[in-house]
Amino acid sequence: MSSSLAWLMLVIAGALDVGWAISMKYAEGYTRAGWSIASLVLLAAFVFLLGRALKVLEVGVAYSVWTGIGAAGTFLMGVVLFGETLSVMKLVGIVLVLMGITALKLA
């Protein structure tokens, strides 16, 4: 597998991580069957893609990038979907996370 494909898989795994976190919120403690199943499917999909990407990428960089994408994406979706608060300080934090992801990719 090429490095480019591994990075693509890693980014997709990060996006699926966001979907997984949001589906867990909608599953309401795994009491709603449809959202619970969606959550488990998303979990399996991102673990699979992350594992494939780790065959090529360094584990420290890949895991940091994956968690950063998940954290930033989940935060932003929480603001959009659930009306969670957005402050200047939180926005600065997310920008710093994204800058860190970029720095790791360029390193």
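Author: Let's start with how the elements are named: helices (H or I, at least four residues) and strands (E, at least two) are DSSP runs, numbered from the N terminus. By that rule, the protein has 4 helices and 0 strands. Before going on, please note that this is a predicted model, where local features need pLDDT of at least 70 and side-chain atom pairs count only at pLDDT 80 or more, while totals for chains, interfaces and linings use all residues. Residues are numbered from 1 along each chain as its sequence is written, and side-chain values use heavy atoms, with hydrogens and water left out.

Reader: What pattern does the protein follow along the sequence?

Author: The order is α-α-α-α. Taken along the principal axes, the C-alpha atoms fill a box of roughly 40 × 35 × 15 Å.

Reader: How do I read burial, and what share of the 107 residues is buried?

Author: A residue is buried under 20% relative accessible area, exposed over 50%, and partly exposed in between (1.4 Å probe, protein chains only). Here, buried residues make up 31% of the 107. For the surface as a whole, accessible areas come from the Shrake-Rupley method with a 1.4 Å probe, and for residues only the protein chains shown count as cover. The protein exposes about 6300 Å², of which carbon and sulfur atoms supply 75%.

Reader: Which residues have the most contacts inside the largest nonpolar core?

Author: The general idea is that in soluble globular proteins, nonpolar side chains tend to be buried together. A nonpolar core is a set of buried Ala, Val, Leu, Ile, Met, Phe, Trp, Tyr and Cys residues joined through side-chain atoms within 4.5 Å. The largest one here has 18 residues, and those with the most contacts inside it are Trp7, Leu10, Ala13, Leu57, Val65 and Trp66. Helix 1, helix 2 (33–53) and helix 3 (59–82) each supply at least two residues of this core, and helix 1 gives the most, with 6 residues.

Reader: Which residues is Trp7 in contact with, beyond its neighbours within four places in sequence?

Author: Contact means heavy atoms within 4.5 Å. With those neighbours left aside, Trp7 is in contact with Leu57, Val61, Val65 and Lys105. Across the protein, 67% of contacts between residues at least 6 apart in sequence join residues at least 24 apart. The C-alpha atoms of Ser3 and Leu57 are separated by 7.2 Å, although the two residues are 54 apart along the chain.

Reader: Now for charges: how many salt bridges does a search of the whole structure find?

Author: Side chains of opposite charge can pair when their charged atoms come close. A salt bridge is a side-chain nitrogen of Lys or Arg within 4 Å of a carboxyl oxygen of Asp or Glu. The search finds 1 salt bridge, in which the side chains of Glu28 and Arg32 meet (3.7 Å, N to O). Arg32 counts as partly exposed because its relative accessible area is 36%. Glu28, at 49%, is partly exposed.

Reader: Is Asp17 buried or exposed?

Author: For charges, Lys and Arg count as positive and Asp and Glu as negative, while His and the chain ends are not counted. Asp17 sits in helix 1 (residues 3–27). Asp17 is buried yet has no salt bridge, and the nearest side chain of opposite charge, Lys25, is 16 Å away. Not counting residues up to four places away in sequence, Asp17 touches Phe46, Trp66, Gly70 and Thr74.

Reader: What about backbone angles: what is the phi of Glu28?

Author: Most residues other than glycine have a negative phi, and most peptide bonds are trans. Glu28 has a positive phi, near 50°, and is not a glycine. Tyr30 also has a positive phi, of about 60°, without being a glycine. Glu28 lies in the loop between helix 1 and helix 2, and Tyr30 lies in the loop between helix 1 and helix 2 as well.

Reader: Which residues does Ser36 touch, not counting those up to four places away in sequence?

Author: Ser36 touches Ala27, Tyr30 and Thr31. Ser36 lies in helix 2 and counts as buried because its relative accessible area is 9%. Tyr30, by contrast, is partly exposed at 40%.
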